[in-house]
Amino acid sequence: VGRFWITAERLKLTSFTVPMYYDRTVLVIPKPDGKDDLMSQTKKVLEPFHWGVWCLILLLVIVTALLSVWFTTESTRGRRMRQNKRPHRLKKSAYARVSL
C-alpha cells in the first residue's frame, strides 16, 4: 500500500506481517521548543531554505501556470482554426483564465 512505520499505537489497532525489506530511513528533527504561535510554526516551515530559493520556487510556479495556460490556449486555438469555428472567442476565455 505504502511506506509507513510500525508504531506502538498501530500495533494495538492491527497486526502486521513480517517485513520483506527493511528500510534504514530515519527522521531526525530538533527537539521542539514549545512555541505554538503562528509565527513560530510558519518560521519552522520556511527555515530550511534561503529566501532566494523560496523566490525561485514562487517564480517557477507562476511561470509554469502561465505556460500551461498559453499551451492550452495555443492547442485549442489550432484545433478551432482547423475546424473554422470562431477563434476570436477563445482569446476572451484565455484572458479570463489568466485574470482568475
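Leaving aside neighbours within four places in sequence, which residues is Ser40 in contact with? I looked, and found Asp33 and Lys35, where contact means heavy atoms within 4.5 Å.

**Ground rules.** I am working with a predicted model, in which local features need pLDDT of at least 70, side-chain atom pairs count only at pLDDT 80 or more, and totals for chains, interfaces and linings use all residues. Residues are numbered from 1 along each chain as its sequence is written, and side-chain values use heavy atoms, with hydrogens and water left out.

**Ser40, continued.** I placed Ser40 in helix 2 (residues 38–46). Helices here are DSSP runs of H or I with at least four residues, strands are runs of E with at least two, and both are numbered from the N terminus. Ser40 has 10% relative accessibility, so I noted it as buried. For the cut-offs, buried means under 20% relative accessible area, exposed over 50%, and partly exposed in between (1.4 Å probe, protein chains only).

**The chain as a whole.** I counted four helices and zero strands, running α-α-α-α from the N terminus on. Of the 100 residues, 6% count as buried. The accessible surface comes to about 10,000 Å², and 65% of that belongs to carbon and sulfur atoms; such areas come from the Shrake-Rupley method with a 1.4 Å probe, and for residues only the protein chains shown count as cover.

**Confidence.** I checked pLDDT, the predictor's confidence in each residue, from 0 to 100. The chain's mean is 76, and 73% of its residues reach 70 or more.

**Aromatic pairs.** My search of the whole structure gave two. In one, the ring centres of Phe49 and Trp54 are 5.4 Å apart with planes at 75°, so this pair is edge-to-face. Rings of Phe, Tyr and Trp (its six-membered ring) pair if their centres lie within 6.5 Å; planes under 30 degrees apart are stacked, over 60 edge-to-face, and the rest tilted. Phe49 is partly exposed at 44% relative accessibility, and Trp54 is partly exposed at 28%.

**Helix 3.** I found Leu59 in helix 3 (residues 51–83).
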